[in-house]
Amino acid sequence: MNESISVTDLDSFAAAFQKDPVNTVAMNAVVHNGIVNSALRYDAAGKLQHAFSITVDSGDVCDQKHSGRCWMFASLNVMRLEVMKRLNLPNTELSQAYPLFYDKLEKSNYLLENILETLDEPEDSRVVSFLLQDPVGDGGQWDMFRSLVAKYGVVPKDVYPESAVSENTAELRKYLTCKLREYACTLRTRHSEGMDLAGLRALKDEMMETIFRMLCIALGKPPVKFDWETYDKDGKFIRLQDVSPQEFFEEYVGWDLNDYVTVINAPTKDKPYGKTYTVQYLGSVRGGKYPVKYLNLPMAELKELAIKQLKDNQCVWFGSDVGQFSDRAKGFLSKDSLAVDALFNTSFPLTKAQRLDYHESLMTHAMVITGVDLDADGKPVKWKVENSWGKDRGKDGYYVMSDEWFSEFAYQILLHRKYFSEEQKKAFDQDPIVLKPWDPMGSLAE
């Protein structure tokens, strides 16, 4: 074949397509039903049954609606279990709109501070372009969330409920992004005109006041103190009065946030196992207590740690590339459930490392592992996953993830340090290697 596609090439392609009648059958199926529905194996449900040898009781499945807050939902879905235990509640939800407010506020400040740090970079530099690409997107990672919680606490959903904007964040992102790019332009322009840093920071204060006003109008003013009334499992009335979000977290979640850390699996040559990593310009809370940091371990060790936590009746937050070989409607996360290779008569042979290196895969979504099915030898076969896309997906909102899919497309898990071996604890305590801002490990779960 020459440099360009010729008419002869097109004729050759068409002849090859027509030669095999299976191609026409596949074409008819996909055109009418879509790729996933046409590739779904008839026996997928039988192989991915919703039964697990180890399960953790969790609350009702939530719905993030049209927003990219999965990392918040997954984090709060794990935290709320502590609230339910301590207050003997049948179910509860923690407000997902509350951290959204402060995440947008902190990300706005984070961008403007990064702009002040890069004033002498040319406008078309890769760094400046990266910073301006999506400054207040919905996505995030665990360390970003725990910095928000450490500073602002959490509140029950009854106290700060969802709004039209929190459930559909596109408009808010649009107008915040518009203002922040304007502000970045203003700061860089004033710098070029000779304004000193003190003057630029005074300008930034005015800018942040506007951002705060926009967020209050869009989401509602978040509580500083609140009262909460509910009932426990026995119908007993509960009233909490004049509680701050920080006090509520300390009293009813009670986590020591220092104990909860993330482990990643990135089998690429540039990230040796047993080392810790962070990502330049990845974060939200400026001066926050918990900068992004993770320990890279082989997948077998990730699974071993996750199983330890599940056996201890604790759920596991995890981040994965949810769009890979998945059936969202039926809730299957399994390469074997979709015969895409047979449908298109081609293979998809890239390894996990190659998919990372060639931008084919990265973490896109966070969920919660609430169970695992172990075989007679104690090896995982499949995993129970609580998603945040409502009860109409999967089985009442729960997904089944094959162990192979976990190996191939899971990238991060959240663990309590007590499950680490001494060697793993020592490895995590190393100073992190700093990755470039555009490294795939800097991707945000939405």
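Between which strand and which helix is the loop that holds Arg417 found? The legends below, which begin with that residue, describe close-up views of a predicted model.

**View 1. Arg417 and its partner Asp429.** Arg417 belongs to the loop that runs between strand E13 (410-416) and helix H16 (422-428). With a relative accessibility of 18%, Arg417 counts as buried, because the limit for that class is under 20%. The side chain of Arg417 is joined to that of Asp429 by a polar contact of 3.1 Å. When neighbours within four places in sequence are left aside, the residues in contact with Arg417 are Asn258, Asp259, Val261, Lys425, Phe428 and Asp429.

View 2. A polar contact of 3.0 Å links the side chain of Glu386 with the side chain of Arg80. Not counting residues up to four places away in sequence, Glu386 touches Ser58, Gly59, Asp60, Val61, Asn77 and Arg80, together with Met367, Val368, Thr370, Gly397 and Tyr398.

**View 3. The largest nonpolar core, with Met79 and Phe248.** This core has 126 residues, and those with the most contacts inside it are Met79 and Phe248. Helix H5 (residues 70-87) provides the largest share of the core, namely 11 residues. Around Met79, and not counting residues up to four places away in sequence, the residues touched are Leu94, Trp142, Phe145, Val149, Val154, Phe249, Val253, Trp255 and Leu257. As general background, nonpolar side chains in soluble globular proteins tend to be buried together.

**View 4. The largest cavity and its lining.** The count of cavities of 30 Å³ or more comes to one, and the largest cavity holds about 40 Å³ of space. Which residues line the largest cavity? The lining is made of Leu76, Tyr98, Pro99, Tyr102, Phe145, Leu148, Val149, Tyr152, Gly153 and Val154. The elements that give two or more residues to this lining are H6 and helix H8 (142-152), and H8 gives the most, with four residues. By class, the lining of the largest cavity divides into nine nonpolar residues, one polar residue and no charged residue. Phe145, Val149 and Val154, which are among the residues of this lining, are also among those that Met79 touches.

**View 5. The largest pocket.** The volume of the largest pocket is about 730 Å³. Its lining consists of 30 residues, of which Phe130, Asp134, Pro437, Gly442 and Leu444 are the closest to the centre of the pocket. Helix H6 (97-117) and helix H7 (126-133) each supply at least two residues of this lining. How many residues of each class does the lining of the largest pocket have? There are 15 nonpolar, eight polar and seven charged residues in the lining of the largest pocket.

**View 6. Thr177 in helix H9.** Thr177 is found in helix H9, which covers residues 170-192, and with a relative accessible area of 9% Thr177 is buried. The side chain of Thr177 reaches the backbone oxygen of Arg173 at 2.6 Å. Not counting residues up to four places away in sequence, Thr177 touches Pro135 and Val136. Thr177 and Gln133 are 44 residues apart in sequence, while the distance between them in space is 9.2 Å, taken from C-alpha to C-alpha.

**View 7. Positive phi values at Phe325 and His359.** Most residues other than glycine have a negative phi. Phe325, although not a glycine, has a positive phi of about 45°, and the phi of His359 is likewise positive, near 60°. Phe325 has its place in the loop between strand E7 (316-320) and strand E8 (326-327), whereas His359 has its place in the loop between helix H14 (352-357) and strand E10 (365-374). Phe325 counts as buried at 17% relative accessibility, while His359 is exposed, with a relative accessible area of 72%.

Terms used
Residues numbered from 1 in each chain as written. Predicted model: local features only at pLDDT ≥ 70, side-chain atom pairs only at ≥ 80, totals over all residues. Heavy atoms only, no water. Core = buried A, V, L, I, M, F, W, Y, C linked by side-chain atoms within 4.5 Å. Buried < 20%, exposed > 50% of the residue type's maximum accessible area, 1.4 Å probe, protein only. Contact = heavy atoms within 4.5 Å. Polar contact = N/O pair within 3.5 Å; in protein donor to acceptor, adjacent residues only side chain to side chain. 1 Å grid on protein atoms, 1.4 Å probe; cavity = no way out; pocket = protein on both sides within 12 Å on 5 of 7 lines; lining within 4 Å. Points joined across faces, edges and corners; volume = space filled by probe spheres on them. Nonpolar A, V, L, I, M, F, W, Y, C, P; charged D, E, K, R; others polar.
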